[in-house]
Amino acid sequence: MYKNATPTTIHLKDYKRPDYTITDVHLTFELEVTQTKVTNVMKVVHQGEAAAPLVLNGEQQKLIEVLIDGQKITDYELTDETLTLKDVPSHFELTIIGEINPEANKALDGLYRSGGIYCTQNEPEGFRRITYYIDRPDVMAKFKTKIIADKATNPILLSNGNPIGSGDLDGGKHWMEWEDPFPKPAYLYALVAGDLGEVKDSFTTMNGREIDLRIYCDKGNESKCGHAMESLKNSMKWDEDTYGLEYDLDIYMIVAVDSFNMGAMENKGLNVFNSAYVLANPKTATDHDFLGIEAVIGHEYFHNWTGNRITCRDWFQLTLKEGLTVFRDQEFSADMNSRGVKRIEDVQRLRQYQFVEDAGPTSHPIKPESYMEINNFYTLTIYEKGAEVIRMIHTMLGKDGFRRGMDKYFELYDGMAVTTEDFVHAMSIANGNYDLEQFKLWYKQSGTPELNFHYDWNEKDETLTMTVEQSCPPTPGQDHKKPYHMPLGLGLLGKDGKEIKLDLAGKEGQPQIENGILHLKNEKETFVFRNVKEKPVPSLNRGFTCPVKIHAPLKEADFAFIMGNDSDEFNRYEAGQLMGERMVRHLLLEKKKGNTLSLDEQYMEAYGKILKDEKLDPNIKAMMLSLPAEGILHQGHNPIDHQAIFDVREWMTQTLADTYQEDFRKVYDQNVQSGEFKLDPHSIGQRTLKNTALRYLAMTGEVGHDLVFEQQVAASNMTDEISALALLCRYENKFRNEAIRNFYDKWNHETLVMQKWLGVQASSTLDDTFERVQALEKDPIYDGTVPNLFRSLMGAFARNYIQFHHESGRGYKLIADKVIWLDKLNPQIAAGLSGVFKDYKKLLESRKALMKVELERIKETDGISKNTYEIVSKILG
């Protein structure tokens, strides 16, 4: 079990301002591989209860000396997690000298060394592994850092802020000093040292200041940093244009490292990135990679104001910075590319993964009330659902109103650690005290709300009466939910596909609909629309304005009509997906009855029209041609029969491929590109559409396999090459082993490309995948201690519904083994992987019994971390 029996639960209601704060910090690092000396000089100020002791957080370090105002003291209490000083002055200088071992730090939390590079990761509580400190986000100090290291092996020495000095020392060493003039919590502190390649550029701000831009990476990868640098400059320009926010330091640095637990980290002026979100060229990176780099570069830059200048009072407020900044990066990506495509992609991710989280044992509000381990709350709920909550505020206030709210937020709280209530307050008072009281339930209640619609058109009165009932299923700790305030996007379509004007009979002075947005506030509401001269087809939740599930009495003909006529791109796509989901449910029933399967004629006709429509945006068309993802199809089934759902979905794909083979081949040929690689939205859409068509053609036998192999061999970009390899790994064909081997021989010198190679094999549903995964663990390119490689192989296998849920239970045992092994080294990544067991209570009884054995084995493992213990214990319930 967890070493302290049951881990302590931390509650939001127990928040208390710290008795002491720290205003200034001067750190000196004498970097050595296994014995790094850290001297920490702090100005400490008492601000709480009289005679309260000073309690500092600290882990995994050797304490050498403690001094108060220059005088050594020995009267202190030291435990594995704290250093406590009693009877200290109200204002004093505290010096702590300690020693840490960066080389031995495999948790990649705090200061660690990997691949010859010293690097830090301090969010949320890594700084306490560097030195003793009041390690919480509401303690904000100005940091100065001096780094001393061997010059030959560490010519680059970086930290937060601006450089203020450097020089050489005896013994082949050198030093560099940095100063950050802006107060920040310790989680935003960063240090990087090593022998790195450097790419330089500059950006001129709206007020004429020239900012020095630098990207550091492994030497030899400099040529792959161009897209990241361009994305950074675009981000800086976008934030000025959209929010009037100018960068505030003289230099902005990004460092790309291979061993990193997260995607990236917004440390003030010195962002540390997983190399997967920096390095790219067309031959080694897919379109998805390029777009991901742009989004993450933007996300971390936008944190400079929404996260750094204004930060969280405590970790329960995490969505304050993450939900808001995800919304900002989504809007940035939408402006840089295709807004409609971006919205669909964001909702796909939300529905496929976050809705599952909301309905599972680890469900929590975007502002949790308690946690055992804060690392476990870097979730899709905090980030993606949090962004949807911000988007709803934007929808209600409008673009200009939201900008006013953001301006007020910075005016009131710049340089402070605040709460979600403070953000909502700023939005309200900047817009005439807009009433957001009921809306704040989105921060407090967990689960995915559901809306049930009923409507009746009265031909004589020319009215449409629409009744809406909202509900939210019980979630852990929340059996009953109050009604939400929801801004629902709504349209009514006439027979000709044109919009019917929304004329709502409401109470005078209390408009319930504004700019196509219907405001829902009660458990049950009825709305009467006037001057509806023909029976309309309702278009509900346009643009997915509310993160909810919709239940409405729409028929197949209605879905087909919306697919062909709605002016809202999202709802055109959504209609096809809902039609597909309904088709799968019907086929599952037919399969269970032993009946012959057949696809509905209206579905086939609607699908064919989309396939043959050459005027559609290619990216939107590709999305509309794709069947609902398995993760979405599983929702609503209890128990989940993974194999049956997979079989029906495959049968549908096969039927569509056989029926429209010639049309798919035409689409494929029309979208083959020649000439220079382009990354504009239309070119990306063409490649996406071509590879969507190829996915169907791959199911048409040897002719299809030949085409897939031809593409893999001839591909001039990674999007086409890996798409073909994934298909050859997915289906039985004569080219499979040759293609896998050829790809390896061609790319085994490129770590990021090899991660894709591992992933497509681990994702295969073929029977030999389990054995292949075990063999791949022994390949020289694989190292399970590197998070990217571990996620690429074990993470991909765990998301492989067919093989992970194999009837023998072997998939469960394999992943449990890996969780237990990795938990000893990197609890954060181990706990993340343990979340794949979340469907435990929704499995078929035979699978549930097998999974329970492995979950209990993890939970009872001696020394299991509180990270993994919390996740597994919640799943077991």
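These legends go with a set of close-up views of one predicted model.

The model is predicted, so local features need pLDDT of at least 70 and side-chain atom pairs count only at pLDDT 80 or more, while totals for chains, interfaces and linings use all residues. Residues are numbered from 1 along each chain as its sequence is written, and side-chain values use heavy atoms, with hydrogens and water left out.

**View 1. W238, Y243 and F402 are part of one aromatic cluster.**
Rings of Phe, Tyr and Trp (for Trp, the six-membered ring) pair up if their centres lie within 6.5 Å; planes under 30 degrees apart are stacked, over 60 edge-to-face, and the rest tilted. By that rule, the count comes to 39 aromatic pairs. Take W238 and Y243: they sit edge-to-face, 5.9 Å centre to centre, with 70° between the planes. Y243 also pairs edge-to-face with F402, at 6.5 Å centre to centre and 65° between the planes. Helices here are DSSP runs (H or I, at least four residues), numbered from the N terminus. W238 has a relative accessible area of 6%, so W238 is buried. Y243 counts as buried too, at 6%, and so does F402, at 1%.

**View 2. Two lysines sit over aromatic faces.**
A charge sits over a ring if NZ of Lys or CZ of Arg is within 6 Å of the ring centre and within 35 degrees of the ring normal. K146 lies over the face of W175, at 4.9 Å from the ring centre.

**View 3. Helix α9 runs from residue 569 to 593.**
What span should its 25 residues give? The expected span is 1.5 Å times one less than the number of residues, so α9 should span 36 Å, and its end C-alpha atoms are 37 Å apart, which agrees. Just after α9, G594 takes a positive phi of about 85°.

**View 4. Helix α11 (residues 618-625) is mostly covered.**
Eight of its eight residues are buried, including P618, I620 and L625. Which helices do they pack against? They pack against α4 (339-358), α8 (556-565), α9, α10 (601-612), α14 (661-670) and α15 (681-697), with contact meaning heavy atoms within 4.5 Å. At the start of α11, a side-chain oxygen of D617 reaches to within 2.9 Å of the backbone nitrogen of N619.

**View 5. L707 sits in helix α16 (residues 702-714).**
L707 counts as buried, at 7% relative accessibility. Leaving aside neighbours within four places in sequence, L707 is in contact with R665, Y668, L694 and L697. L694 is 13 residues away from L707 in sequence, and their C-alpha atoms are 8.1 Å apart in space.

**View 6. Q330 is found in helix α3 (residues 318-336).**
Q330 is buried as well, with 4% relative accessibility. Not counting residues up to four places away in sequence, Q330 touches K342, D346, A387 and R391.

Definitions and conventions:
Buried < 20%, exposed > 50% of the residue type's maximum accessible area, 1.4 Å probe, protein only. Helix = DSSP H or I, 4+ residues; strand = E, 2+ residues; numbered from the N terminus. Polar contact = N/O pair within 3.5 Å; in protein donor to acceptor, adjacent residues only side chain to side chain.
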